[in-house]
Amino acid sequence: QEGFPADRVCTVCNSVDTTCEAAMHDAVSQEEIRATRQQFGMAPSSRLVSYCGSLYKAKRVDMLLKACAEVRRSGIDLHLAIIGDGKDRAMLETLCSRVEWMHTVGSAHGIEKARYLAASDCMVIPGVVGLAVVDAFAHKCPLVTTKTRGHGPEIEYLHDGINGLFTSENAAAFSLGIRRLLTDSALHQRLQSGCRESASQITVENMVERFSKGVLVALHGAH
């Protein structure tokens, strides 16, 4: 599109260690999932969605809170876990202290993050998305996001209705996307399967192989 020769472009496909992340997800026990739900004071019929990422304006956490409130008004006992840190964290902690269904947990990595995502029905990020989409794949936690501008290049991995969901960029549409995923078990299972399939392809090993091939092609062309 920009007139640069295609044979001089190497597509790397940025990733995290999906093999390790998937293994941590699979190691989470049902007892650990129950303990996570108890930590949040959830009833057996409650549903959990998780935000995972940095906390700043472009992530549109304000839209997320409005959308989740709308999901609850529809009759779904929804809880929201906010995983991450950033300049908006203090404000969110103050808000969550007043709202029983909203929970801030701060930064979480490794097995701790795996427990939260294993207990979640989906990942919800209405604002800009980067490598979080790969985390969603590895943890079989389908991502619901919007068609906002400013996403990182990793958003190209997300295919609507296959391994995640896109909605329009407003709280009403985002709420409908969350409700659709929570109430359609066949869709949820299909997206989970798509997540794990994508995680098996978008790996660190494949990224390194593509990068090394690109370097070798560049070196060969320099002579």
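Me: How is the packing of helix H3 against helix H7 described?

Reply: Two packed helices are described by the angle between their axes and the distance between the axes. In this predicted model, H3 (residues 61–73) and H7 (residues 171–183) pack at about 55°, with axes 8 Å apart. H3 is therefore oblique to H7; angles under 35 degrees count as roughly parallel, over 145 as roughly antiparallel, 65 to 115 as roughly perpendicular and the rest as oblique. Axes are lines fitted to C-alpha atoms, for helices over the stretch in contact, and angles run from 0 to 180 degrees between N-to-C directions. Helices are DSSP runs (H or I, at least four residues) numbered from the N terminus.

Me: Which residues of H3 and H7 make the contact?

Reply: Contact means heavy atoms within 4.5 Å. H3 contributes Met-63, Leu-64, Lys-66, Ala-67, Glu-70 and Val-71, while H7 contributes Ala-171, Phe-174, Ser-175, Ile-178, Arg-179 and Leu-182.

Me: Is Thr-18 buried or exposed?

Reply: Buried means under 20% relative accessible area, exposed over 50%, and partly exposed in between (1.4 Å probe, protein chains only). Thr-18 has a relative accessible area of 2%, so Thr-18 is buried. Thr-18 is found in helix H1 (residues 18–27). Leaving aside neighbours within four places in sequence, Thr-18 is in contact with Val-134, Ala-138, Ala-199, Ile-202 and Thr-203. The C-alpha atoms of Thr-18 and Arg-196 are separated by 9.4 Å, though these residues are 178 residues apart along the chain.

Me: What conventions apply to the numbering and the values?

Reply: Residues are numbered from 1 along each chain as its sequence is written, and side-chain values use heavy atoms, with hydrogens and water left out. Because the model is predicted, local features need pLDDT of at least 70 and side-chain atom pairs count only at pLDDT 80 or more, whereas totals for chains, interfaces and linings use all residues.

Note on methods
Helices (H or I, at least four residues) and strands (E, at least two) are DSSP runs, numbered from the N terminus.
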